[in-house]
Amino acid sequence: MAQNNGPVKVIVMEDTVGEAISCQKEFSNLGFDTQFSSANKETFEWLLHVVQPDAVFADYEIFKNSGCKLNKKRNPNLLCSAATLFEESIEEAQKAGFEIVLTKPVDYAYAAILLRHRLGLPGCIKPSQAEVVAMLIEQLNLKSYTIGSEYLRVALNILLKTPEKLQGVHKLLYPEVGRICKANPAAVAKGLERLAKSIFEEGKFGTAFSSAPSNTEFLNYILVKAEKYLCN
């Protein structure tokens, strides 16, 4: 919980002063007390000691290249990193001590929800199912695939309530998505297939798949991520 029940303290490390100021402004508008750290090991460690933050928000590549380290025993506070959505990057950041990994452009309002929940602040609520689904789709940056991303959004919301429908996508899931999106089941299946293939070709699955995943594999991959957020 935030120290002495005061504002949540966040140290920000970004790759440019402009991004750091923008990040500070976003967090400040959400009620957080933010401090900027340059990508300098001595400066960062001094701030950790002086500020004793509740969270560290860093561009992971900048953090990694700076040589900074996180000592969980000395500084057991919540840590947060902005990184790309490659599995290797996420795993690497988590091994370095970062508990939450968000992709750019960061949804700061959503980051604040996660942060407050993980800190156990009074009155904070867990992110809703719809918020989690929207965030995961935003992370995949599907702006060029409007129809496919809408099928995915609807499908995930259905599966989070009735996961057994993943075992019968043709008879159970696609028809329901189609009714909601006013599309026939074949169009839903094709839209999701094209979406999964495009995401795979852009490398956004990292090493999770050696070839473009089937719709069932694709949906299960995103579903597992959503369930982790909702269970935290």
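The model is predicted. Its chain averages a pLDDT of 80, and 81% of the residues score at least 70.

**Nonpolar cores**
- The largest nonpolar core has 54 residues.
- Val10, Leu152, Leu173, Val177, Leu192, Phe218 and Leu219 have the most contacts inside that core.
- Another core, of 15 residues, lies apart from the largest one; its members include Ala58, Tyr60, Phe63 and Val101.

**Aromatic pairs**
- Seven aromatic pairs occur in the structure.
- Phe27 and Phe57 form an edge-to-face pair, because their ring centres are 5.2 Å apart and their planes stand at 75°.
- Phe27 belongs to helix 1 and Phe57 to strand 3 (residues 55–59), so this pair ties together parts 30 residues apart in sequence.
- Phe27 is buried, at a relative accessible area of 1%, and Phe57 is buried at 1%.
- Phe205 and Phe218 also pair edge-to-face: centres 5.9 Å apart, planes at 75°.
- Phe205 sits in the loop between helix 9 (185–201) and helix 10 (215–231), with Phe218 in helix 10, so the pair ties together parts 13 residues apart in sequence.
- Phe205 is buried, with 1% relative accessible area; Phe218 is buried at 0%.
- Phe205, Phe209, Phe218 and Tyr221 are linked by ring pairs into a cluster.

**Surface**
- Val17, Ile21 and Phe36 make a nonpolar surface patch of about 270 Å².

Definitions and conventions: Residues are numbered from 1 along each chain as its sequence is written. This is a predicted model: local features need pLDDT of at least 70, side-chain atom pairs count only at pLDDT 80 or more; totals for chains, interfaces and linings use all residues. Side-chain values use heavy atoms; hydrogens and water are left out. A nonpolar core is a set of buried Ala, Val, Leu, Ile, Met, Phe, Trp, Tyr and Cys residues joined through side-chain atoms within 4.5 Å. Buried means under 20% relative accessible area, exposed over 50%, partly exposed in between (1.4 Å probe, protein chains only). pLDDT is the predictor's confidence in each residue, from 0 to 100. Patches are made of residues with over 30% relative accessible area and no salt bridge: like charges are joined within 9 Å, nonpolar side chains (Val, Leu, Ile, Met, Phe, Trp, Tyr) within 5 Å. Accessible areas come from the Shrake-Rupley method with a 1.4 Å probe; for residues, only the protein chains shown count as cover. A salt bridge is a side-chain nitrogen of Lys or Arg within 4 Å of a carboxyl oxygen of Asp or Glu. Rings of Phe, Tyr and Trp (its six-membered ring) pair if their centres lie within 6.5 Å; planes under 30 degrees apart count as stacked, over 60 as edge-to-face and the rest as tilted. Helices (H or I, at least four residues) and strands (E, at least two) are DSSP runs, numbered from the N terminus.
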